[in-house]
Amino acid sequence: MSHSQAAAAATTTKLYIDGQFVSSQASEWIDVHNPATQEVVTRVPKTTASELEEAAKSAQSAFGEWRRTSVMTRQRLMLDLQHAIRSNTEKLAASIVAEQGKVLSDARGDVMRGLQVVESMAGIADYMLGSRLEVAADMDTYTVREPLGVVAGVCPFNFPAMIPLWMIPVALATGNTMLLKPSERDPGAAMILAQLCADVGVPRGVLNIVHGAHETVDFLTSDSRVKAVSFVGSDGAGKYIYERATQHGMRCQANLGAKNHAVILPDANREHALNAITGAAFGAAGQRCMALSVAVFVGAAGDWIPELVDKARALRVDGGMEPGADLGPMISPNALQRAKDIIQSADDAGASVLLDGRGVRVAKYPRGNFLGPTVIDNVTTEMRCYSEEVFGPVLACVRVATLDEALALVNANKYGNGASVFTRSGPCARKFQAEVGAGQVGVNVPIPVPLPMFSFTGNRGSFLGDTNFYGRSGVNFYTQLKTITSLWRKEDAKVDSQSAVHMPTLH
């Protein structure tokens with residue numbers, strides 16, 4: 001079957017507007033390819049201007065009633081939604097494998113990390129508490145936390161379930177309505193989540209899903225009904241969205257690129273450190289914003305690099321549904337070629353490519369976008385493999401003499417998502433966590449992504465905005481405080497003439 005025939009035979013992804021899954025009237029469509037086979041899995045519409053208008057109108061119309069629902073009602077929906085997601089984990093994971101390429105175990109993890117945010121929003125009542133103070137006789141000042149209105153989310157390809165679940169439950173639990181644009185490369189998981197939201201009773205218009213590329217983003221970042229935009233993705237897209245959204249008076253939180261470092265001291269637990277680095281560098285084919293892409297070996301720890309190479313070589317590259325697969329394909333042929341070009345540039349610049357994944361072949365999937373684990377030693381900061389986010393299974397190894405040199409190296413990098421140190425020394429760990437500039441720090445932990453009772457706190461060049469994702473920061477992003485000062489004079493008090501004896505119930 002030719003490519004055009006395959007595309008014609010593929011299913012089409014629908015829009016979700018006003019509680020209905022509807023077929024788009026778009027004239028332009030984007031093919032979604034299985035990264036392991038190049039099979040066209042589905043076709044995604046570039047949502048038309050009238051469809052975008054319909055979605056925004058639906059969200060705006062639904063907001064008035066949704067914001068007045070009690071916090072208990074929204075909490076109940078979060079409880080029901082977490083149960084629905086947990087019950088459909090395998091369906092979500094299978095969609096992620098087919099469209100994004102992750103191995104099945106990692107796809108399940110994608111769902112689980114998003115599910116944890118839903119579970120945390122089942123405690124929304126505590127997050128929404130205000131404060132009160134009697135400021136003078138008979139006079140109180142108190143705050144209430146209110147939703148913003150219609151909010152938008154723009155999602156990346158690398159976490160098709162987790163990132164929508166960073167946004168949907170926090171936005172909805174705080175009383176907002178939402179326009180969500182999944183990645184046009186793998187929208188399936190978001191569409192399943194929309195169905196689950198409908199199944200548990202999220203009212204029509206509270207969640208709407210639109211698709212597309214630049215035109216859809218431009219609408220979401222300029223329409224006057226949209227009050228805030230959440231984004232996770234690349235530097236270029238994030239800066240564009242942030243600037244455009246803020247110019248139109250919107251709040252914006254934007255997670256951008258990263259270059260996460262692990263510093264390995266000679267006193268570290270060798271086996272633990274090497275296993276942790278191997279998993280964090282090559283899991284998900286390196287396509288994580290918190291992937292470990294630079295290993296900084298201090299002093300004699302550099303002697304461990306050959307053992308790291310052996311561990312990386314032992315990982316199995318295969319299709320995501322294959323038993324025993326450790327990492328699957330990259331998202332697209334273009335992403336694969338870019339990673340290969342960066343590896344070649346390191347070789348040309350004098351680095352030592354100790355393990356070259358460019359030659360990997362997967363017999364069952366000859367057309368897959370596969371790149372094997374790649375380890376590059378003797379890297380300097382001027383090389384592309386260090387200065388650019390590769391977003392592939394490529395680990396750059398840098399050697400330094402002291403912890404101070406390592407800290408200076410990490411802090412000179414423009415990004416600030418995460419950094420880790422591996423050591424048995426409490427004082428060294430304390431020095432590292434105190435002096436490192438990254439927003440999320442791991443001590444003997446390679447990917448220090450906080451659980452949702454905390455917030456994702458990437459900083460510097462990895463984040464634009466002033467309020468981070470999920471946790472209390474996420475609630476702050478999707479809400480605004482109203483301060484009320486009231487005067488009720490004692491002399492105006494009257495005693496009720498009739499007593500109520502029934503058990504009060506609140507809805």
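Q: If a salt bridge is a side-chain nitrogen of Lys or Arg within 4 Å of a carboxyl oxygen of Asp or Glu, how many does a search of the whole structure find?

A: Side chains of opposite charge can pair when their charged atoms come close. In this structure the search finds 30 salt bridges. The model is a predicted one, in which local features need pLDDT of at least 70 and side-chain atom pairs count only at pLDDT 80 or more, while totals for chains, interfaces and linings use all residues. Residues are numbered from 1 along each chain as its sequence is written, and side-chain values use heavy atoms, with hydrogens and water left out.

Q: Which parts of the chain does the pair R108 and E90 link?

A: The side chains of R108 and E90 meet in a salt bridge at 2.9 Å, N to O. The pair links distant parts of the chain, with R108 in helix 5 and E90 in helix 4 (residues 89-100), 18 residues apart; helices here are DSSP runs of H or I with at least four residues, strands are E runs of at least two, and both are numbered from the N terminus. R108 counts as partly exposed at 32% relative accessibility, and E90 counts as partly exposed at 42%, where buried means under 20% relative accessible area, exposed over 50% and partly exposed in between, with a 1.4 Å probe and protein chains only.

Q: Where do R86 and E119 lie?

A: The side chains of R86 and E119 meet in a salt bridge at 2.4 Å, N to O. R86 lies in helix 3 and E119 in helix 5 (residues 104-121), so this pair ties together parts that are 33 residues apart in sequence. R86 is partly exposed at 42% relative accessibility, and E119 is partly exposed at 32%.

Q: Is D318, the partner of R316 in a salt bridge, buried or exposed?

A: D318 counts as buried, at 9% relative accessibility, whereas R316 is partly exposed, with a relative accessible area of 36%. The closest N and O atoms of this pair are 2.6 Å apart. Elsewhere, E53, D223 and R225 are linked in a network of salt bridges.

Q: How are helix 3 and helix 7 packed?

A: Two packed helices are described by the angle between their axes and the distance between the axes. Helix 3 (residues 71-87) and helix 7 (residues 162-173) pack at about 155 degrees with their axes 9 Å apart, and they are therefore roughly antiparallel to each other. In this packing, R74, M78 and I85 of helix 3 meet L165, P169, L172 and A173 of helix 7, contact meaning heavy atoms within 4.5 Å.

Q: What is the order of strands in the open sheet of seven strands?

A: The order is 15-16-17-14-13-19-20, with mixed pairing; two strands pair if DSSP finds at least two bridges between them. Strand 15 (352-355) and strand 20 (440-443) stand at the edges, each with a single partner strand, so one side of each is left without a neighbour in the sheet. Strand 19 (residues 418-422) and strand 20 run parallel and are joined by four bridges, and G418 has Q440 as its bridge partner in strand 20.

Q: Which strands does strand 11 run parallel to?

A: Five bridges join strand 8 (residues 150-154) to strand 11, the two running parallel, and five bridges join strand 11 to strand 12 (residues 251-255), again in parallel. F231 in strand 11 is the bridge partner of V154, and A254 in strand 12 is the bridge partner of F231. Strand 11 (residues 226-232) is mostly covered, with six of its seven residues buried.

Notes
Axes fitted to C-alpha atoms, helices over the stretch in contact; angles between N-to-C directions. Parallel < 35°, antiparallel > 145°, perpendicular 65-115°, else oblique.
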